[in-house]
Structures are given as structure tokens and as C-alpha cells.
Amino acid sequence: MMLVALILASGCSADKTTSLSVPYESYKLDNGLTVILNEDKSDPITSLVILYHVGSSREVPGKTGFANLFEHMMFQRSENVGEDEYFKYIEGAGGTLNGGTSFDQTIYFEVVPKNALEMAMWLESDRMGYLINTVTSKSFALQQNVAQNEKRQGVDNRPYAFTDYVILKNLYPKGHPYS
């Protein structure tokens, strides 16, 4: 037991400082899009992350779930990408993708082999620019059902999941964007 304590103590030095540095470039395009670029050539993969500064904190009390609903809608299709083809394109190239919504943001990401980066960028740009003309009553109702089912499975039918709601309600007063 003493040997273990000595080994652990010898590895912990208060004098050592470790700093983490991630080199990156940041610039703003003419269309207002902010680009943050980190180049790392150690792996033959790349990731693309798109972050929208829109989340549930911008919703009106009594009318919630829209940020999450539109997160789902943006996976559906766009003018140049057919129904459910986002997944087919990315997974067909050997990659993965997903998205998520929080209080302040909606985020989408793809991790793909580096030779598929241009395709992933095209998919994201198409989703940004050409989604609106593909939103129909049918696709809206379908994704509304998917989002509601996601809540039922992830919150309503999970033990203690309601505690998050209770904690947040007590942590943030009425009128706060996170309440």
C-alpha cells in the first residue's frame, strides 16, 4: 500500500504546468458565416461542425420544441438532396453524422474520410440555403412526431428523467430564457 502511495505521489508535481494549445485560423465570410479552421494531418479523417446560435432559450413559453423540431427538419431533405439522403451520402463515404439542440445552439457535425470533406461541405451548404422550399405539411408532421417520440423515449419513459425539468424550473426563475 505504501509503494502505491509513493508511486502516485511521485507522479504528482505541483511545479509542473501543462498548457494545451490548439492552433486555429478564424475568419468571417462575406455572407456572415464565421469559419474556425484547425488543421491536423495526423489522421486521414476530417470533421465539419456547423453551429447555429438558435436553441430553446429563444422559444416562447408555452410554445416549445421548435429548435429541436427544426433540427430534425434539417436532416430530412433540401432542394438538391432527397428524402433521408444526408445519412446515405455521409455513411456511404464511411462517415458518421448527428446533430443536437441545447438552450443556446443547434449543432450538426460530420466525421468523414478527408476525401469526403468537399461533399460534407456541399451537403451543409445545401441544407443552409435550400431547405425552405422542401418544408411541406407532410414532412413537418412527420418530424413533429419523431421529435415528440424522442421526448417520450428519452424523458417521459426514463426513470428520474423528469428531475431535470424540476431542477431547471427551480434553478432558473420564470422569465429566464432557460426556465
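**Aromatic pairs and ring-charge contacts**

At a relative accessibility of 47%, Y165 counts as partly exposed in this predicted model. Its ring takes part in an aromatic pair with F162, in which the centres are 5.0 Å apart and the planes make an angle of 35°, an arrangement classed as tilted. F162, for its part, has a relative accessible area of 52% and is therefore exposed, since the cut-off for that class is over 50%. Both residues belong to helix α6, where F162 and Y165 are three residues apart and thus separated by about one helical turn.

In total, the structure holds nine aromatic pairs. One of them joins F103 and Y178, whose ring centres lie 4.2 Å apart and whose planes meet at 10°, so that this pair is stacked. Because F103 is located in the loop between β4 (96-101) and β5 (106-113), while Y178 falls in the segment after α6 (162-171), the contact ties together parts that are 75 residues apart in sequence. F103 has a relative accessibility of 26% and accordingly counts as partly exposed.

A further grouping of rings is formed by Y52, F75, F87 and Y108, which make up one aromatic cluster. F75, a member of this cluster, also has a charged group over its ring, as the charged end of R127 sits there at 5.0 Å from the ring centre. R127 additionally lies over the face of Y86, with a distance of 4.7 Å to the centre of that ring.

Terms used. Residues are numbered from 1 along each chain as its sequence is written. This is a predicted model: local features need pLDDT of at least 70, side-chain atom pairs count only at pLDDT 80 or more; totals for chains, interfaces and linings use all residues. Side-chain values use heavy atoms; hydrogens and water are left out. Rings of Phe, Tyr and Trp (its six-membered ring) pair if their centres lie within 6.5 Å; planes under 30 degrees apart count as stacked, over 60 as edge-to-face and the rest as tilted. Helices (H or I, at least four residues) and strands (E, at least two) are DSSP runs, numbered from the N terminus. Buried means under 20% relative accessible area, exposed over 50%, partly exposed in between (1.4 Å probe, protein chains only). A charge sits over a ring if NZ of Lys or CZ of Arg is within 6 Å of the ring centre and within 35 degrees of the ring normal.
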